[in-house]
Amino acid sequence: MVFFERAPAKINLSLDVLGKRDDGFHEVKMVMTSVDLADRVELGELHRDVIEVSADSQYVPDDERNLAYKAAAAFKHKYQLKQGVRINIKKNIPVAAGLGGGSSDAAAVLRGLNQMWSIGATSSQLAELGATLGSDVPFCVYGTTALGTGRGEEIRILPSPPVCYVVLAKPDIGISTRHVFPKVDVNELEHPETEMVIRSLEEKNFKKLCGSVGNTLERITFSMHPEVRRLKEKMLTSGVSGAVMSGSGPTVAGFVKHFSKAKRVYNGLRGFCDEVYVVRLLDRR
Ligand SMILES: C[C@](O)(CO)[C@H](O)COP(=O)(O)OP(=O)(O)OC[C@H]1O[C@@H](n2ccc(N)nc2=O)[C@H](O)[C@@H]1O
Ligand SMILES: Nc1ncnc2c1ncn2[C@@H]1O[C@H](COP(=O)(O)OP(=O)(O)OP(=O)(O)O)[C@@H](O)[C@H]1O
């Protein structure tokens with residue numbers, strides 16, 4: 001039997017760092033949501049006790065370093081399963097882009113294996129297992145709109161954003177979160193208005209949302225890669241109502257209410273950077 005799971009990209013509407021923890025991670029407070037740019041994860045049952053993984057991208061490992069492989073290994077270990085699985089990933093989410101692609105693939109594997117092997121684990125149990133794989137995996141298990149606290153793994157579901165289009169633009173660089181967090185100086189941070197972002201979701205207020213999106217990691221990524229700052233500026237002058245870098249970058253998300261405007265922004269940015277997408281937010285609660 002073959003199972004398919006969608007693995008949507010995540011974007012940060014806000015990302016705040018509150019402090020450094022004893023375990024080396026940072027205490028964060030961030031609002032995340034999912035968009036309809038998604039990888040496609042195919043799971044096929046094997047009768048041997050092996051995990052095989054392949055992906056149609058040269059930037060993604062096809063062995064135990066793949067986060068999807070790690071998710072399958074963790075799931076098999078947790079539920080003491082002797083069956084194997086073949087995982088095939090059709091990558092549509094740009095890699096090392098701040099869009100949580102690997103985390104979303106891992107979450108899709110947890111959801112898919114739970115279904116394929118009829119384990120009956122709850123989302124919260126899958127999220128707890130996901131937290132052992134990476135800070136963004138628990139959010140990706142739910143894949144809606146949520147507040148992430150702790151190191152990002154404590155999830156509170158929020159109302160979905162007002163209906164709008166999101167233009168995603170990624171300059172031709174990859175950024176690893178691991179290289180950005182060590183540069184955080186907790187005494188020199190500008191804090192985004194996360195509470196205002198949450199209120200804008202509760203009120204479904206597009207204007208308020210656009211006026212309050214923010215990411216404290218922007219300053220660090222911009223200083224390492226000035227082209228990301230230029231991209232955000234270009235996006236704002238192209239007519240988006242608000243823009244914010246996702247995760248540790250380099251992808252910048254711009255918000256517009258109408259498709260005609262999204263198309264104009266898209267066309268304007270295409271001459272500026274290679275990878276541009278017009279997407280929609282995933283959930284409609
Ligand atoms: C930047 C975000 O994408 C925002 O959604 C996430 O916080 C990153 O999530 P992720 O890629 O799943 O991150 P992890 O794989 O857990 O951690 C990668 C590295 O980022 C740093 N890290 C990550 C999360 C966090 N709250 N504090 C950190 O300091 C750590 O150095 C860690 O070694
Ligand atoms: N299934 C996967 N999809 C994408 N990248 C993966 C996967 N498994 C492992 N990786 C590795 O993880 C790294 C980060 O890729 P990803 O696309 O998840 O970026 P990101 O969302 O910016 O994450 P991070 O915050 O971890 O830097 C890549 O360098 C890649 O080699």
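**A close look**

Mentor: Start with residues 206–273: this stretch is 56% helix and 16% strand, with its end C-alpha atoms 26 Å apart. Helices (H or I, at least four residues) and strands (E, at least two) are DSSP runs, numbered from the N terminus. This is a predicted model: local features need pLDDT of at least 70, side-chain atom pairs count only at pLDDT 80 or more, and totals for chains, interfaces and linings use all residues. Residues are numbered from 1 along each chain as its sequence is written, while chains are lettered from A and ligands numbered from 1 in the order in which they are written.

UniProt lists 206–273 as "domain: GHMP kinase C-terminal", in an unreviewed entry. UniProt positions are in the numbering used here, feature names are shortened, and annotations may be inferred rather than shown by experiment.

The unreviewed entry also gives a "binding site", including Gly98, Gly101, Gly102 and Ser104. Gly98 sits in the loop between β4 (84–90) and α2 (101–116). Gly98 is buried, because 30 other C-beta atoms lie within 10 Å. The cut-offs: buried is 20 or more other C-beta atoms within 10 Å of the residue's own, exposed is 12 or fewer, partly exposed is in between, and C-beta atoms are placed from the backbone. Leaving out residues up to four places away in sequence, Gly98 is in contact with Ile175 and with Met245, Ser246, Gly247, Ser248, Gly249, Pro250 and Thr251. Contact means C-beta atoms, placed from the backbone, within 7 Å.

Ser104 is in helix α2. Ser104 is buried too, with 29 other C-beta atoms within 10 Å. Its contacts beyond four places in sequence include Ala7, Lys10, Asp39 and Cys140.

Now ligand 2. It has 22 residues around it, and Leu67, Gly101, Gly102, Asp105 and Thr177 come nearest. Near means a C-beta atom, placed from the backbone, within 6 Å of the molecule or strand. Two elements give two or more residues to this shell: α1 (67–78) and α2. The largest share, 4 residues, comes from α2. By class, the shell around ligand 2 has 10 nonpolar, 10 polar and 2 charged residues. Ala, Val, Leu, Ile, Met, Phe, Trp, Tyr, Cys and Pro count as nonpolar, Asp, Glu, Lys and Arg as charged, and the others, Gly among them, as polar. Domain 1 (2–157) and domain 2 (165–280) both give residues to the shell, so ligand 2 lies between them. Those bounds come from an automatic or database domain assignment.

Ligand 1 is surrounded by 19 residues, with Gly134, Ser135, Asp136, Arg151 and Gly247 the closest. The elements giving two or more residues are β1 (2–20), β2 (26–46) and α5 (177–180). β2 gives the most, 4 residues. This shell has 6 nonpolar, 10 polar and 3 charged residues. At least three residues come from each of domain 1 and domain 2.

Finish with strand β7 (residues 165–170), where 6 of 6 residues are buried. Tyr165, Val167 and Ala169 point one way, and Val166, Leu168 and Lys170 the other. In a regular strand the side chains alternate between the two faces of the sheet. β7 runs antiparallel to β10 (residues 252–256), joined by 5 bridges. Leu168 has Ala253 as its bridge partner there. β7 also pairs with β11 (residues 275–280), antiparallel, over 6 bridges. Val167 is bridged to Val278 in β11. Pairing requires at least two DSSP bridges between two strands.

Key. Two residues are in contact if their C-beta atoms, placed from the backbone, lie within 7 Å.
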